[in-house]
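Here is a short report on charged pairs and a surface patch in one protein model. Look at the sequence and structure first, then read on.

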Amino acid sequence: MPVPPLNDDILRQILSYLWKRDALNVALCSKRLRDLALPRVAAVADTGSPTSFRRLCAYMLSGAPPRARYLEDLTITLTTFDYPSRATYSDYWDFSQAHFVGDLLLAARRLRRIAFERFHPCVQADPRVGEALFAMDRLVSAEFATVADSTFELLPGLNRNLRALQLMYFWEHDEPLEDETKTFPPLLEALAPLRHLNTLGVLYFDPPDGSLSGRSDRHLFRLSSIRTLRFSLSSASALELVDVCPNVAHIDFSSARLNPGDQVCDGPSWPPLQALALGGYQEVRCIAHRVGAVDKLAIYNIIEAGTADGSEKVADLLAFLARASPVSLSIRVSLQATPMAFWRRVAPLVPRLRMLELAVSLAAIAIENVDWLDSIPTSLSALPLVYLSIAVPKSPTVRRPPSGVGEVLECAALHEKHYVDAKEVEEHRAQALEALPEQLMKAIPTLRFISVGAGDVNEDSLAGRPLDSPDNLWSRMFLDEKMEKRHWRINGEGDARILHEMSEQDVVRLRANATAAQVEELLRM
């Protein structure tokens with residue numbers, strides 16, 4: 001096979017996207033490609049069962065030089081330490097193979113990324129693990145699961161080349177760490193030497209309230225390099241970390257353990273943020289008095305709007321939006337008694353809003369809301385939007401009831417009416433979606449780009465389901481990937497405006513523009 005007329009540096013860059021068998025296939029093509037591609041065969045590895053892990057170590061540590069020399073990306077999984085199906089707690093786990101991890105890491109001096117499950121007990125079993133990770137001069141990304149305050153005492157330190165770090169603290173009843181603590185001082189002391197750290201994520205981190213804000217020496221722990229903070233399944237008190245990151249621009253916060261009384265400690269407003277992603281209403285309430293201006297805001301859990309029960313939540317959300325005044329907003333709304341009335345109250349509070357991604361659905365089928373989609377253009381008409389994305393999930397399924405006798409007949413009649421109503425609502429939904437782009441274009445004079453995502457027509461009045469939820473909040477798409485999506489650009493002025501379809505790639509580039517300056521540039525396109 002003739003080698004393309006490219007120099008070795010370009011070929012290495014191309015081959016950097018290959019590993020394992022794909023890299024091996026390229027290496028078999030020619031002598032030149034063999035020399036360039038063969039190191040990529042062992043560049044990426046993940047451990048499996050204890051048996052497969054031993055085989056991986058034997059493979060990586062053999063050869064002259066050892067193949068582990070070429071390892072760049074390593075994932076040490078939960079199953080590496082033997083997790084029997086009958087086991088309930090981690091005392092069933094076997095760390096007798098920790099020395100193999102130490103051997104592998106000592107040989108993998110070119111490692112750039114590592115994801116490490118059961119980190120604390122493994123370092124405890126073999127201190128060489130921590131020493132090897134500290135000494136690596138190319139390591140830039142690390143994810144350590146199962147850590148506690150005492151974990152940092154086992155380490156000579158965290159690698160000072162790290163650009164991205166994720167720490168998953170132990171959870172309740174997580175032996176052998178169930179009696180350990182989670183506090184700020186050990187974490188901050190470990191992070192202080194990391195002058196290049198850009199992204200920090202913490203999971204299951206719930207330090208005591210006020211444990212950082214009450215310290216007189218907290219100014220000594222300024223983490224100036226951090227631009228992105230991610231808090232997942234962490235308490236509101238963990239957000240005190242923001243106060244020692246003066247240059248933070250992106251914050252993700254979600255918690256499954258909040259309660260209505262859980263609030264952020266008193267403190268000054270946060271600096272303006274480029275991006276803020278929140279789990280839902282509870283997270284909004286926690287930071288409402290701390291947030292300042294936000295360019296890009298996402299709230300990924302459903303916000304209920306349109307009922308008396310939801311009025312307090314809606315009021316809190318409106319106050320929050322007024323403080324944040326986002327340029328770009330992604331939100332999911334479940335409509336009930338008064339569809340879309342919520343948005344008429346939003347318009348005067350968010351004068352900077354130019355980009356809106358809205359996932360909207362009915363909480364329950366009701367024949368009086370048959371034309372709920374028709375109200376969207378009018379409800380959004382006061383917003384000076386440049387880009388609008390509407391996602392309409394499938395309607396809830398209503399099955400035709402079986403026939404019965406006696407009292408069951410009366411119940412069946414009610415179900416039959418509900419079924420007929422649901423069919424009518426669903427049929428109108430399908431028809432309204434066809435007309436929606438044109439109606440939006442006419443209702444919002446500033447609009448330049450439109451995306452509409454919708455589920456297929458539900459033959460059984462459609463089975464509703466939640467959107468997928470990956471770990472990273474910003475990857476939780478508000479247009480369901482399984483929906484049919486279409487995109488348009490609006491050309492022309494006034495009555496001469498025309499819709500022209502766009503590609504998905506163009507929309508991806510468009511969604512990246514979320515600052516006021518970038519939106520103004522869009523308007524000049």
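Does Arg 230 count as buried or partly exposed, and at what relative accessibility? Arg 230 counts as partly exposed, at 32% relative accessibility. Keep in mind that this is a predicted model.

**Salt bridges**

Side chains of opposite charge can pair when their charged atoms come close. In this model the count comes to nine salt bridges. Three of them are listed here.

| Pair | Distance, N to O |
|---|---|
| Arg 230 and Asp 252 | 3.3 Å |
| Arg 290 and Asp 243 | 2.8 Å |
| Glu 501 and Arg 486 | 2.5 Å |

Start with Arg 230 and Asp 252, whose side chains meet in a salt bridge at 3.3 Å, N to O. Arg 230 lies in strand β7, residues 228-232, and Asp 252 lies in strand β8, residues 250-254, so the pair ties together parts that are 22 residues apart in sequence. Asp 252 is buried, with a relative accessible area of 4%. Why is Asp 252 called buried? Its relative accessible area is 4%, and buried means under 20%.

Next come Arg 290 and Asp 243, with a salt bridge of 2.8 Å, N to O. Arg 290 sits in the loop between α10 (281-287) and β10 (294-305), while Asp 243 sits in the loop between β7 and β8, so this pair ties together parts that are 47 residues apart in sequence. Arg 290 is buried, at a relative accessible area of 2%. Asp 243 counts as partly exposed, at 28% relative accessibility.

Glu 501 is in strand β16, residues 498-501, and Arg 486 is in strand β15, residues 484-491. The pair links distant parts of the chain, 15 residues apart. Arg 486 counts as partly exposed, at 34% relative accessibility.

Salt bridges can also join up. Which residues are linked in a network of salt bridges? Asp 73, Arg 113 and Glu 143 are.

**A nonpolar patch**

Leu 6, Ile 10 and Ile 14 form a nonpolar patch on the surface. Together they have about 230 Å² of accessible area. Where is Ile 10 placed? Ile 10 is in helix α1, residues 8-15. Ile 10 is partly exposed, with a relative accessible area of 40%.

Note on methods
Residues are numbered from 1 along each chain as its sequence is written. This is a predicted model: local features need pLDDT of at least 70, side-chain atom pairs count only at pLDDT 80 or more; totals for chains, interfaces and linings use all residues. Side-chain values use heavy atoms; hydrogens and water are left out. Patches are made of residues with over 30% relative accessible area and no salt bridge: like charges are joined within 9 Å, nonpolar side chains (Val, Leu, Ile, Met, Phe, Trp, Tyr) within 5 Å. Accessible areas come from the Shrake-Rupley method with a 1.4 Å probe; for residues, only the protein chains shown count as cover. A salt bridge is a side-chain nitrogen of Lys or Arg within 4 Å of a carboxyl oxygen of Asp or Glu. Helices (H or I, at least four residues) and strands (E, at least two) are DSSP runs, numbered from the N terminus. Buried means under 20% relative accessible area, exposed over 50%, partly exposed in between (1.4 Å probe, protein chains only).
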